[in-house]
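Trainee: Hi! I'm new to this one, could you walk me through it?

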Amino acid sequence: MLGDEGKASVFADPELVQSETCVDEGRIVGRDDQLESVVSCLKPALQGRNPANMLLHGPAGTGKSLLIRAVAQQIGKLCQLKGERFEIVSTNCRSINTLDQAVYELVRTAAEDCDTEIGVPEIGVSTRQKYRRLYELIENYYDTVIFVLDEIDLLVGQQANDGPAYSKILRELSRAGSTGEIEGHASVAALTRDPSFIENLDGRTESTFDPRDIPFPDYDDAQLREILEKRRDAFRRDALEDGIIPLIAALAAQSSGSARTAINLFRSGGDLADKWNEKTVTKNHVRESWETLDKEGSLKIIEELSIQKKASLYATASIACHSPCSRATAPSPIGFKLYQWVAGQLDVDQMTRETYVKYMKKMSSYGLVSSSRKSRGRGGGVYMEFSFSEDPKAIVDRIVDGSRIRSIAEQEQHLQKTISTLLDKFHE
Ligand SMILES: Nc1ncnc2c1ncn2[C@@H]1O[C@H](COP(=O)(O)OP(=O)(O)OP(=O)(O)O)[C@@H](O)[C@H]1O
């Protein structure tokens, strides 16, 4: 089997170890209860009724997106036999900042899926007009649609006092099928890593959305092994050294319990064998890849960040270094204030608060931080809290190393005083 450049490759079907590939049900492991729940929510579409709303929640890489896509694919095929069109229209809210952008993304995705014009400009028209265009597309092209909102808890929006954007979009889309906005059928599947998402929803949104609750726990070592075994055919028959799969499963189970981590490691072990022109993927390749993925992967990315992103990350990580709680965390309002100070010191343009939050949310896709939504209690609004699994000091040091930000780090005392004042005010 030859790889892209005509060289011999250890892979037979590399797609199977791409984490975005939607594998069929035969390769899905240990998710019988969740499959049954998702099927029972979506099955009404086959009987000409509205599917139920769902909330799929669990840690990263536990199969939430895979299950919804795999079941939707099957139901879509059955609907097709009856001459009906059933599709999912999805967006990931991680890099979206406002309600308006989220609705536009849904329009864009639906238009692309239907191979038609987006039909509404990204800026300069109201969010309502975007909703209207979304409903028009659905009316014209689909019989049943499932809106999939991935990482819904990150869609906080701009104005905390006006209620978070995720509440508004959940209310609007949950009602669309029943208020006559859409004549066909529609439902919403919200995906989140936040286990307490539903508890923090306001009563009005919770009762309109009223989802079926579907939890996704972490995988253990044995389940990760089975997931990888079922993708063994991604590689040529003799290309895997004995013991590779148990090693990868053990590493992934210890670190995160995420199937994504296990699959990425499986693939990168193979990539390394190809790179070194070797015919077999060995434990050595896996360990090398693990070190790269685990230790250097995220920190290396820092070198490639723009000065604005570095300034945002530097401000946030510096606060986390001084965090009064045992976890290294930084609240977004303080992070933004310190970012403004850092930008002033560096004499660069100051970004808006929304852009700062967007950049920080983006950092989670590099594995540098994770973000979750926090509430300041009744009437106090919501904000994002950024937390660091790595030592934030290592991140600060890496940013300072060889960048203009070094000049700020040299004012250590001043920086510390600024952070203490900001934190004291925030916790008052
Ligand atoms: N039970 C499973 N069986 C087989 N493959 C799985 C299973 N669960 C997850 N995977 C694979 O792991 C990878 C990550 O899964 P998925 O994207 O569904 O996770 P997720 O829970 O949506 O994560 P996130 O919250 O990070 O978006 C995908 O490649 C998916 O195919």
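Trainee: Where is Thr62 placed?
Mentor: In this predicted model, Thr62 is in the loop between β1 (54-57) and α2.

Trainee: And is Thr62 buried or exposed?
Mentor: Buried: Thr62 has 25 C-beta neighbours inside 10 Å, and 20 or more is what counts as buried.

Trainee: Which residues is Thr62 in contact with, leaving aside neighbours within four places in sequence?
Mentor: Those are Phe216, Pro217, Asp218, Tyr219, Ser258 and Ala259.

Trainee: What does UniProt list for "binding site"?
Mentor: The unreviewed UniProt entry gives Thr62, Gly63, Lys64, Ser65, Leu66, Tyr219 and Arg231.

Trainee: Okay, where is Arg231 found?
Mentor: Arg231 is in the loop between α7 (221-229) and α8 (244-255). With 20 C-beta neighbours inside 10 Å, Arg231 counts as buried. Apart from residues up to four places away in sequence, Arg231 touches Leu16, Val17 and Arg27.

Trainee: Now the ligand. Which of the 22 residues around the ligand come nearest?
Mentor: Ala60, Gly63, Ser65, Leu66 and Ala259. The elements giving two or more residues to that shell are α2 (64-81) and α9 (259-275).

Trainee: What's the shell made of, by class?
Mentor: Nine nonpolar, seven polar and six charged residues. Domain 1 (32-215) and domain 2 (219-295) each supply at least three residues to the shell.

Trainee: Switching topic: which residues of helix α14 are buried?
Mentor: In α14 (residues 392-400), they are Pro392, Ile395, Val396, Arg398 and Ile399. Seen down the axis of α14, these buried residues fall within an arc of 165°, so they line one face of the helix.

Definitions and conventions. Residues are numbered from 1 along each chain as its sequence is written. This is a predicted model: local features need pLDDT of at least 70, side-chain atom pairs count only at pLDDT 80 or more; totals for chains, interfaces and linings use all residues. A residue is near a molecule or strand if its C-beta atom, placed from the backbone, lies within 6 Å of it. Helices (H or I, at least four residues) and strands (E, at least two) are DSSP runs, numbered from the N terminus. Ala, Val, Leu, Ile, Met, Phe, Trp, Tyr, Cys and Pro count as nonpolar, Asp, Glu, Lys and Arg as charged, and the others, Gly among them, as polar. Domain bounds come from an automatic or database domain assignment. A residue is buried if 20 or more other C-beta atoms lie within 10 Å of its own, exposed if 12 or fewer, and partly exposed in between; C-beta atoms are placed from the backbone. The arc is that of the directions from the helix axis to the C-beta atoms. UniProt positions are given in the numbering used here, feature names are shortened, and annotations may be inferred rather than shown by experiment. Two residues are in contact if their C-beta atoms, placed from the backbone, lie within 7 Å.
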